[in-house]
Each structure stands twice: as C-alpha cells, then as structure tokens.
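Trainee: Hi! Could you walk me through this structure while I look at it?
Mentor: Happy to, let's open it up.
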Amino acid sequence: MEPSRSAQPPSRVDQRAPQKAEYRIEDLAHHSGATVRTIRAYQDRGLLPKPERRGRSNVYGSAHLTRLSQIADLLERGYTLASIKELLEAWDAGRGLGGLLGLVAEVQGPWSDEEAGRITREELVERFGGAADTTTIAEAVALGVLELVPDREGEFVVPSPQELSVAVELHSAGVPMAAISGHLRELRIQVESMAARFLEFTTEHVFARYLGERPPTDADAVEAAELVRRLRPLAQQTVDAELARAMRTLSARHLRHHLTSDAALPMSQETRPVALPTRTIQAVQKLVGEEATSEFITAATERELSTRTLDALAPRGRPARDFGQGD
C-alpha cells in the first residue's frame, strides 16, 4: 500500500495568505516569527529550500513559510534540528509526515482523563491551614504540583487536582509539608522507573517492528499510533491492580508488627543473609574459628535480645537483682 501524502503536518500559516505569496527575508521573518539569522541558519543546515534569485535579491514563497512553521512545531515537540532534517527529507521524498506527527501527538498527549484546575495563593493557604508559605509553594512549583500563571501573580495551574488533594489530606492527618514533598520526590523516582520498564517492555514486544525504518513510513506510524491509543490505559490498570494487592498484603503485615509485642513474636527458623563489616567477621573468626562464626554471631544476637527483654520486664525505678541473690 502506497503511503498517503494527504495528511499534512500542522502549520501555523494563516490559511488566508495567498498561495503564491512572495517575501523578502525580512518579510518572511515577520510572518513566520523566526529571526533573519535563524532563517539563514536553517538554509545553511539544509532545512529550508534555497530562495529564488532575482537579480541581487532573494525571493521566498509560501512553501518557505510553511516549512518554517513545520520546523517550529517539531522543535516544540522536542525534536533536534538533526532529527527534524531527517523527517522533512522523508516528507520531501514522498514518504509522508502526517502519520508520524499523529504518532508523536498520541504519545505526547495526556495519559490521564483528569483535567487541570486553578487555585489562588489564598486558597492554598486556606486548604493547608496556613502551612502553605512561600517556601512550600516554591517547592510545589519545583515539583510541578503547581505551575505559575504568566502575568497572574498569586494564581497557579494545578495539573493534577487529585494529587493536590492527596497532599491536603496527608497534611490534615498530621504529615509535615516537608515530609510530603520528600515522599513525592521518592515516589516519583520509583514511578518513573516503572514507566521506563513498561516502555521498554512494549517497545521490545510491540513497537520494535515499526522502528526498522527511521522515520517509519506513514502507514506504519498511523498503525503504531492506534496501538499507543489501545495500550495507553494498560500501564495505569496494571499499576493500580498491583498497588492494591501490595497494600492489602503489606498493610496487614505492618499492622500485626505494630500490635504484637516483640516477646510474643514466634522465632522463625528461616535464615536470611545479613551484611556485616569485614572487620567484625574477621574478629569473630579469630576468636572462635571460621566454622563456628555463624553460630557464634547467632548466639550473641539471641543473647542480646533476651537481655533487652528481661530489662523491659524489670520494674521501672527498681534495679534488677542478680540471679541467685538472696532476699
């Protein structure tokens, strides 16, 4: 199937502009928003077709204006000039760019149905009971929990109102603001690791076949975009299910640990490795020999635990008597 060229890349060009418009480089800069210096740099890199030469003047047309718009859109999407050149060359060769830009838009689109909200500084202070001071708000902006609104001092965009509500509930339950920020930073590292693993997994097993050609053909890009749309909710669903399972298991274990005294906990015969300093192991080996090292460390640990248990059982304020001491 021959790739279609009907899909056009996004363009900022005013559609009312005449199709056979002619521009001097200064006029082209004005209409495109690029500087004269930038236009010349694009020409030197081969990103922009050479202008028509008329006497001593260079004349640019609507195709140059469209190309500048395409470059600007791709730069905003995070592409380098080198990769943009490769994409535009594919477009010029008739392989199509519309499908690829559709794939980029699908990947860079929202991965949640949640809609952003807005909040003022006064509302933040009220929701956090006065704890949302300047330092705390700056930390929230640095974390991306809040975003500054240009030309609107004291007003913020909230990308995830749900995340902000979680912070409010944690604070109302007694968690300090600094601890909430620290928890979010730690959680973000772990979640980004999970997201990276999911992307590696799907790339290996699903999208590898579309990456043989760079850039992929228009038809392949359209098909890959549809797969992204289908697989998009799977990451969230998997994490939700596994988090629920882990919380159910670990929360019950955590509760038993805190409700049961150390003395009542059964001694398990299961063994597990414990890291000890090399000098400690060498000292024990010198004392009892290599074969008896593990047994000695185990006995010493159990003795320490027994001693602490006896100290805890002794009446407070009254020194414990030595065993065998008479009344």
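Mentor: One idea before we start: a helix axis here is a line fitted to C-alpha atoms over the stretch in contact, and the angle is taken between N-to-C directions, from 0 to 180 degrees. Also keep in mind that this is a predicted model.
Trainee: Okay, so at what angle do H7 and H9 pack?
Mentor: Helix H7 (residues 134–143) packs against helix H9 (residues 177–207) at about 10°, and their axes are 11 Å apart. Angles under 35 degrees count as roughly parallel, so H7 is roughly parallel to H9.
Trainee: Which residues meet there?
Mentor: From H7 you have Thr136, Glu139 and Leu143. Across from them, H9 brings Met177, Ser181, Leu184, Arg185 and Arg188. By class, this contact of H7 with H9 has three nonpolar, two polar and three charged residues.
Trainee: New topic: how much space is in the largest pocket?
Mentor: About 2000 Å³. Its lining counts 44 residues, and those nearest the centre of the pocket are Glu163, Leu184, Leu187, Val191 and Gln236.
Trainee: Which helix gives the most to that lining?
Mentor: That's H9, with 15 residues. At least two lining residues come from each of H7, helix H8 (161–172), H9 and helix H10 (218–259).
Trainee: And what classes of residue line the pocket?
Mentor: The lining has 26 nonpolar residues, 10 polar ones and eight charged ones.
Trainee: Let's switch to strands. In what order do they sit in the sheet?
Mentor: The order is S1-S3-S2, in an open sheet of three strands with antiparallel pairing. Strand S1 (22–23) and strand S2 (52–54) are the edge strands, each pairing on one side only.
Trainee: How many bridges join S1 to S3?
Mentor: Two, and strand S3 covers residues 57–61. For Tyr23, the bridge partner in S3 is Tyr60.
Trainee: What about S2 and S3, how many bridges there?
Mentor: Three bridges, with the strands running antiparallel. Arg53 has Asn58 in S3 as its bridge partner. The hairpin of S2 and S3 leaves two residues between the strands, and Gly55 in this hairpin has a positive phi near 65°.
Trainee: Last one: which strands does H3 lie across?
Mentor: Helix H3 (residues 62–76) lies across S1 and S3, and the angle between H3 and S3 is about 65°.
Trainee: Great, thanks!

Terms used: Residues are numbered from 1 along each chain as its sequence is written. This is a predicted model: local features need pLDDT of at least 70, side-chain atom pairs count only at pLDDT 80 or more; totals for chains, interfaces and linings use all residues. Side-chain values use heavy atoms; hydrogens and water are left out. Two strands pair if DSSP finds at least two bridges between them. Helices (H or I, at least four residues) and strands (E, at least two) are DSSP runs, numbered from the N terminus. Contact means heavy atoms within 4.5 Å. Angles under 35 degrees count as roughly parallel, over 145 as roughly antiparallel, 65 to 115 as roughly perpendicular and the rest as oblique. Ala, Val, Leu, Ile, Met, Phe, Trp, Tyr, Cys and Pro count as nonpolar, Asp, Glu, Lys and Arg as charged, and the others, Gly among them, as polar. On a 1 Å grid over the protein atoms alone, a cavity is a set of points where a 1.4 Å probe fits but cannot get out, and a pocket is an open set with protein on both sides within 12 Å along at least five of seven lines; lining residues have an atom within 4 Å of a point. Grid points are joined across faces, edges and corners, and a volume is the space filled by probe spheres set on the points.
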